[in-house]
Amino acid sequence: MDIGHRLRAIRKKRGLSQRELATRAGLTNGTISLIEQNKTSPSVASLKSLLDAIQISMAEFFATIEETTQSKYFYSAGEFTEIAPPELEGPEAQLLSLRQLGNAQDHSLQVLHERYAPGADTGPELLSHDAEEAGVIIQGQIEITVDDEVSLLGPGDGYLFNSRLPHRFRNLGNEDCVIISACTPPSF
């Protein structure tokens, strides 16, 4: 997906200048320009700040429109929608994957299959959004920061917190970490 082009199109559709979006998101005008030109990839936290400033969720930003009149109940692994921004090219490529089950816009629950490669991080800025989230670690280890608390979780461990609290996910280990998570309402 062309993140820069999509961001620019949505920003213009909402009648925002780069400067106004930068101010609302707490980023520099130059950063917005670089992202829109695809000269830099935003961290998950930076993209979340930008989308919050535009008042659009990550799910909406990355959604592929499902044009079906019939309800869909079952999804193959290939039908999940990747909602994490692509990471930098080279050795850092594909550090983080957030695959969404179905179209979260049609439901009050968002379910994700998350994969954090060794060294993956949601970004130095802590995330915050209007929801609650929970997850169970399937493989590997993940360091999770919620507000002032930090914990290292492994297979079978879980978490549940109010997403309005600042939070961050980091894989400090040397194997992939896989998490199945849920967020309600969909806001990420």
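Reader: Which residue of β9 is the bridge partner of Val136?

Author: Ile180 is the bridge partner of Val136. This is a predicted model, where local features need pLDDT of at least 70 and side-chain atom pairs count only at pLDDT 80 or more, while totals for chains, interfaces and linings use all residues. Residues are numbered from 1 along each chain as its sequence is written, and side-chain values use heavy atoms, without hydrogens and water.

Reader: How many bridges join β4 and β9?

Author: Strands of a sheet pair through backbone hydrogen bonds, either parallel or antiparallel. Here β4 (residues 132-139), which contains Val136, pairs with β9 (residues 177-184) over seven bridges in the antiparallel sense. Pairing requires at least two DSSP bridges; strands are DSSP runs of E (at least two residues), helices of H or I (at least four), numbered from the N terminus.

Reader: Where do β1 and β7 stand in the sheet?

Author: The open sheet has six strands with antiparallel pairing, in the order β1-β2-β3-β9-β4-β7. β1 (81-82) and β7 (158-162) are at the edges with a single partner strand each, so one side of each lacks a neighbour in the sheet.

Reader: Which residues of helix α1 are buried?

Author: An α-helix has 3.6 residues a turn, so residues three or four places apart point the same way. In α1 (residues 3-13), Ile3, Gly4, Leu7, Ile10 and Arg11 are buried (under 20% relative accessible area; exposed is over 50%, partly exposed in between; 1.4 Å probe, protein chains only). The face turned away from that buried side carries the exposed Lys12 and Lys13.

Reader: Why does Val136 count as partly exposed?

Author: Val136 counts as partly exposed because its relative accessibility is 40%.
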